[in-house]
Amino acid sequence: IKWTQTHCLFSSLETALVTMTRFGAGRIALVGFTTVIAASVSVSISVLAIDLPSTYATVPTPTDAARDSEVGANLEPHPDPNEEHYDNMIYVGRMHHDGETRLGFDVDNGIKFIFGTGFDESHKQIEEEDLRHEHFGPDAHHDLPQGQGKTREQVLRERRHGTVNKDGPKPFGHVDTHPLDGGATPPTVAHVEPFFMDVAPVTNKDFGKFVRSTYYETEAEHFGWSFVLSSFVPKAEMLETSDTDPEAEHWVAVDGAYWRNPEGPGTTYKMRENHPVVHVSHRDAAEYCTWVGKRLPGEREYEAAARAGHWGPKNRTLYSWGDDATTEVAKEYANLWGEGEFPWSNHAEDGWRGTSPVKKYPPNAYGIFDMVGNVWEWQRGGKHKARIVRGASYVDSLDGSFNHAATLGARATMHGTTGTGNVGFRCVKSPKRRVEHHFVYHDEETHGQLAVEDQFGKRDMIPQRGWEDQFEVEDEDGDEFEVET
């Protein structure tokens, strides 16, 4: 055995020992594997290359290991998602026909829906069978629906070779957006795994507990300023002396503005403890989620929860309350700007000129509040200079005549360090799943020297006892000998 130390996660010490004894014959090296979150035992093993006798001539493939009752993924069943509950969180995933029992992980229990802007009518061309079609199992990648007028061969060819963009290549992560709501266009079928989502955005009261417990300093405090809407600035002279956002001239950089002083010095959050916390950056939001054992949602997760069952071309709606774009109806469901002239005249038809308390308006069909309006919400992913926010805010309109249209597909990007008075966040949590070990086997005689590739693509050789600590030199007489280092 050639040794080096690595750390692995096994469901138990017994699993680790069984796995270490079921490799094949020859020089087999363990490159690595992926684990899925579950209660685990961390086991430090020091196996890299193993010479085994011919009695272990058969090398089990990952698929064989998964089917083996003694080793692999089947050692433990998946936890039952029906037994997992969290306070103030809603489960978003596929349910049984009774509408109450959650489907287990032995089937595809994720959600498939049409993702993207609601203004693009091309979503109506997507057939219902594309949403019902289940891509699950070992052949899921090639198990394709026959919808949208394309044959199986055409779909596979496009997937294999892609299409050439007449306007030239686009940067990594580029998303075509609609000019009204910023939603992704054209709408496409998306799939998300089940998850739990907070019923409401994180409030000032919640964030205050985090700050007092960890002595955390937000990036707005570190920089010494944050953006405040020009009509909310406490002193008129600030409009002449303060800088503004070059891409949004109505947002003023106010010194001393942060989550405790939302409009700057002299203002306070004390009467707004149940309002969403604002003036938090993407990093601030992620740090809070980590502290409570959760994470930020992905934008597809967010939209799946916001649409709340209205996923198909037949029942897809523009707004959370339907397709009615009148202020008389919208004011009962979301905190938006209204019919006044932005940014100086807000008639407060919905009762609020700025942020409103969470859970003030009716929840959607899933029981989740404030998925549209009140504050934009940070999402995981994107780039540091273009982090994603979803949901629209109190400064947005119904039709996109100013700012963004507050639809279920509303989407925007901003710099990750940005803090403003209309951006907050909420957290999500993935349900527990069994630990699954995915092994990659490496034969040094066939594939060459074992190496580890870091996050930057650099390949580093793994030192192995028996050769890395010694080297050969020749003395003046030409005799070779080994020297221990």
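User: What makes the charged end of Arg-300 count as sitting over the ring of Phe-115?

Analyst: In this predicted model, the charged end of Arg-300 is placed 4.5 Å from the centre of the Phe-115 ring and sits over that ring. Another case is Arg-102, which lies over the face of Tyr-91 at 4.4 Å from the ring centre.

User: Why are Phe-207 and Phe-425 called an edge-to-face aromatic pair?

Analyst: Two rings pair if their centres lie within 6.5 Å, and planes over 60 degrees apart count as edge-to-face. The count by this rule comes to 20 aromatic pairs. For Phe-207 and Phe-425 the centres are 6.4 Å apart and the planes stand at 80°, so the pair is edge-to-face.

User: What does the pair of Phe-207 and Phe-425 tie together?

Analyst: Phe-207 belongs to helix α5 (residues 204-214), whereas Phe-425 belongs to the loop between β15 (423-424) and β16 (428-429), so the pair ties together parts that are 218 residues apart in sequence. Phe-207 and Phe-425 are both buried.

User: How do you know that Trp-311 and Tyr-366 are edge-to-face, and where in the chain do they lie?

Analyst: Their ring centres are 6.3 Å apart, within the 6.5 Å limit, and their planes make an angle of 65°, over the 60 degrees required, so the pair is edge-to-face. The pair links distant parts of the chain, 55 residues apart, with Trp-311 in the loop between α9 (299-307) and α10 (327-330) and Tyr-366 in the loop between α10 and β12 (376-378).

User: Why is Trp-311 called buried, and why is Tyr-366 called partly exposed?

Analyst: Buried means under 20% relative accessible area, so Trp-311, with 19%, is buried. Tyr-366 has a relative accessibility of 21%, which lies between the 20% and 50% limits, so Tyr-366 counts as partly exposed.

User: What makes α9 largely enclosed by the rest of the structure?

Analyst: In α9, 8 of the 9 residues are buried, so the helix is largely enclosed by the rest of the structure. Among these buried residues are Glu-299, Tyr-302, Glu-303 and Arg-307. The helix is followed by Ala-308, whose phi is positive, near 50°.

User: How do you know that Glu-303 is buried, and which residues is Glu-303 in contact with?

Analyst: Glu-303, found in helix α9, has 0% relative accessibility, which is under the 20% limit, so it counts as buried. Leaving aside neighbours within four places in sequence, its contacts include Phe-113, Phe-115, Gly-116, Arg-316 and Arg-390. A polar atom of the Glu-303 side chain lies 3.0 Å from the backbone nitrogen of Gly-116.

User: Which residues touch the most other members of the largest nonpolar core, and which element gives the largest share?

Analyst: That core has 52 residues, of which Phe-113, Met-197, Phe-207, Trp-378 and Phe-425 touch the most other members. The largest share, 4 residues, comes from α9. A second, separate core of 9 residues includes Phe-227, Phe-342, Tyr-394 and Phe-402.

User: What makes β14 and β15 the edge strands of their sheet?

Analyst: The sheet is open and mixed in its pairing, with 4 strands in the order β14-β13-β12-β15. Both β14 and β15 are edge strands, as each pairs on one side only. Further in, β12 and strand β13 (residues 387-390) pair in the antiparallel sense over 2 bridges, and Trp-378 stands opposite Val-389 in β13.

Definitions and conventions: Residues are numbered from 1 along each chain as its sequence is written. This is a predicted model: local features need pLDDT of at least 70, side-chain atom pairs count only at pLDDT 80 or more; totals for chains, interfaces and linings use all residues. Side-chain values use heavy atoms; hydrogens and water are left out. Rings of Phe, Tyr and Trp (its six-membered ring) pair if their centres lie within 6.5 Å; planes under 30 degrees apart count as stacked, over 60 as edge-to-face and the rest as tilted. Buried means under 20% relative accessible area, exposed over 50%, partly exposed in between (1.4 Å probe, protein chains only). A charge sits over a ring if NZ of Lys or CZ of Arg is within 6 Å of the ring centre and within 35 degrees of the ring normal. A polar contact is a pair of N or O atoms within 3.5 Å; within protein, one must be able to donate a hydrogen and the other to accept it, and residues adjacent in sequence count only if both atoms are side-chain atoms. Contact means heavy atoms within 4.5 Å. A nonpolar core is a set of buried Ala, Val, Leu, Ile, Met, Phe, Trp, Tyr and Cys residues joined through side-chain atoms within 4.5 Å. Two strands pair if DSSP finds at least two bridges between them.
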